[in-house]
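Biologist: Could you show me the model, please? I would like to go through it with you.

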Amino acid sequence: MNKSERQAALAKIINSQVITTQDELLEALKAAGIEATQATISRDIREMQVVKAQDASGQLRYTIFRGDSQSQLERLSNSVREVGLSITRVQFLNVIKTLPSNGNLMAAIIDDIGFAQVVGTLAGHDTIVVISPDEASAKWFNAQYQKAFIA
């Protein structure tokens, strides 16, 4: 099985089942007759932009990050308004607080936009650390995030 076929099967499984761990994903693939290694699945998850997010019932599950026609900036603005609680700048870092279980999804949005003022993010359950190359970039990012609350 080639990569595109495997990733199509992964997308189908993620969209049709509640999958919460890579082990569950490997088992679902195996049940579908697809053999894959943990390393291969990890690469597929990264390439396909699969993240853990809360579903309508509040359960954390894998979901494919891209899937609608919203621009990434619109998605960030909507996320900030829906789940963003606060942002605090500390020198060249911004610390963002979100509602529980939303840190990873918002960090994925920030990473995907590819702001020149963001070197990378570290995300947890409800906290994101946004790393900028310098204080001016961190200040710019902080201002953009604050604007998203108002937009």
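Modeller: We can begin with the overall fold and then turn to the aromatic residues. Please note that this is a predicted model.

Biologist: How many helices and strands are in the protein chain?

Modeller: The chain contains six helices and six strands. Their order along the sequence is α-α-α-β-β-α-β-β-α-β-β-α.

Biologist: What does the C-alpha trace span along its principal axes?

Modeller: The trace spans about 50 × 30 × 25 Å. Of the 151 residues, 40% are buried.

Biologist: Now the aromatics. How many aromatic pairs does the structure hold?

Modeller: There are two. F115 sits in the loop between α5 and β5, while W140 belongs to helix α6, 25 residues away.

Biologist: And F115, is that buried or exposed?

Modeller: F115 is buried, because its relative accessible area of 13% falls under the 20% limit. W140, at 31%, counts as partly exposed.

Biologist: Which residue pairs with F115 at 5.7 Å?

Modeller: That is F141; the planes stand at 80°, so this pair is edge-to-face. F141 is in helix α6 and F115 in the α5–β5 loop, so the contact ties together parts 26 residues apart in sequence. Both F115 and F141 are buried, and F115, W140 and F141 form one aromatic cluster.

Biologist: Turning to charges, what lies over the face of Y62?

Modeller: K52 does, at 5.5 Å from the ring centre. Overall, the chain carries 15 positive and 16 negative side chains, and the centres of the two sets are 3 Å apart.

Conventions
Residues are numbered from 1 along each chain as its sequence is written. This is a predicted model: local features need pLDDT of at least 70, side-chain atom pairs count only at pLDDT 80 or more; totals for chains, interfaces and linings use all residues. Side-chain values use heavy atoms; hydrogens and water are left out. Helices (H or I, at least four residues) and strands (E, at least two) are DSSP runs, numbered from the N terminus. Buried means under 20% relative accessible area, exposed over 50%, partly exposed in between (1.4 Å probe, protein chains only). Lys and Arg count as positive and Asp and Glu as negative; His and the chain ends are not counted. The place of a charge is taken as NZ of Lys, CZ of Arg, CG of Asp or CD of Glu. Rings of Phe, Tyr and Trp (its six-membered ring) pair if their centres lie within 6.5 Å; planes under 30 degrees apart count as stacked, over 60 as edge-to-face and the rest as tilted. A charge sits over a ring if NZ of Lys or CZ of Arg is within 6 Å of the ring centre and within 35 degrees of the ring normal.
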